[in-house]
Amino acid sequence: MLADSLEHLVRGIVDNPDDVRVSSKSLRRGELLEVRVNPSDLGRVIGRSGRTAKALRTVIGALSPDGPVRVDVVDVDRR
């Protein structure tokens with residue numbers, strides 16, 4: 001549910017919505033959501049001084065019923 005919500009939010013921000021991929025991993029300290037975007041959209045997702053990324057983390061954290069969620073933004077070229 002959280003991964004789908006995050007993917008929907010990020011697709012609305014970027015110019016290349018087909019390149020958006022969100023993967024979910026369970027860690028000891030909570031869930032990790034990794035967002036992969038096109039390199040040209042990386043600045044849009046991060047935002048000025050990280051404001052957009054922080055807002056995305058806040059929204060996903062508020063939606064999370066199980067506790068802490070970590071959101072990482074990665075470009076498509078980086079593995």
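User: What does R70 form with D72, and how far apart are the closest N and O atoms?
Analyst: R70 forms a salt bridge with D72, with the closest N and O atoms 2.8 Å apart. A salt bridge here is a side-chain nitrogen of Lys or Arg within 4 Å of a carboxyl oxygen of Asp or Glu.

User: Is R70 buried, exposed or partly exposed?
Analyst: R70 is partly exposed, at a relative accessible area of 44%. Buried means under 20% relative accessible area, exposed over 50%, and partly exposed in between (1.4 Å probe, protein chains only).

User: What should I know about the source before going on?
Analyst: This is a predicted model: local features need pLDDT of at least 70, side-chain atom pairs count only at pLDDT 80 or more, and totals for chains, interfaces and linings use all residues. Residues are numbered from 1 along each chain as its sequence is written, and side-chain values use heavy atoms, with hydrogens and water left out.

User: How many salt bridges does the structure hold?
Analyst: The structure holds 4 salt bridges. Among them is R44 with D15, at 3.4 Å, N to O. R44 lies in helix α2 and D15 in the loop between α1 (2–13) and β1 (21–27), so this pair ties together parts that are 29 residues apart in sequence. Helices (H or I, at least four residues) and strands (E, at least two) are DSSP runs, numbered from the N terminus.

User: Are those two buried or exposed?
Analyst: R44 is partly exposed, at 42% relative accessibility. D15 is exposed, at 52%.

User: What else does R44 touch?
Analyst: Leaving aside neighbours within four places in sequence, R44 is in contact with I13, V14, D15 and T52. Contact means heavy atoms within 4.5 Å. R44 and I13 are 31 residues apart in sequence, yet their C-alpha atoms are 6.9 Å apart.

User: OK, what about D41? Where does D41 sit?
Analyst: D41 is in the loop between β2 (30–37) and α2. D41 is buried but has no salt bridge. The nearest side chain of opposite charge is R44, 4.7 Å away. For charge, Lys and Arg count as positive and Asp and Glu as negative; His and the chain ends are not counted.

User: Which residues does D41 contact?
Analyst: V14, D15 and N16, leaving aside neighbours within four places in sequence.

User: Switching to E34. Which residue does E34 meet in a salt bridge?
Analyst: R36, at 3.0 Å, N to O. Both E34 and R36 are buried. E34 lies in strand β2 and has 13% relative accessibility.

User: Where is V59?
Analyst: V59 is in helix α3 (residues 51–63). V59 is partly exposed, at 38%.

User: And the backbone: what is the phi of S49?
Analyst: S49 has a positive phi of about 55°, although S49 is not a glycine. S49 is in the loop between α2 (42–46) and α3. S49 is exposed, with a relative accessible area of 76%.
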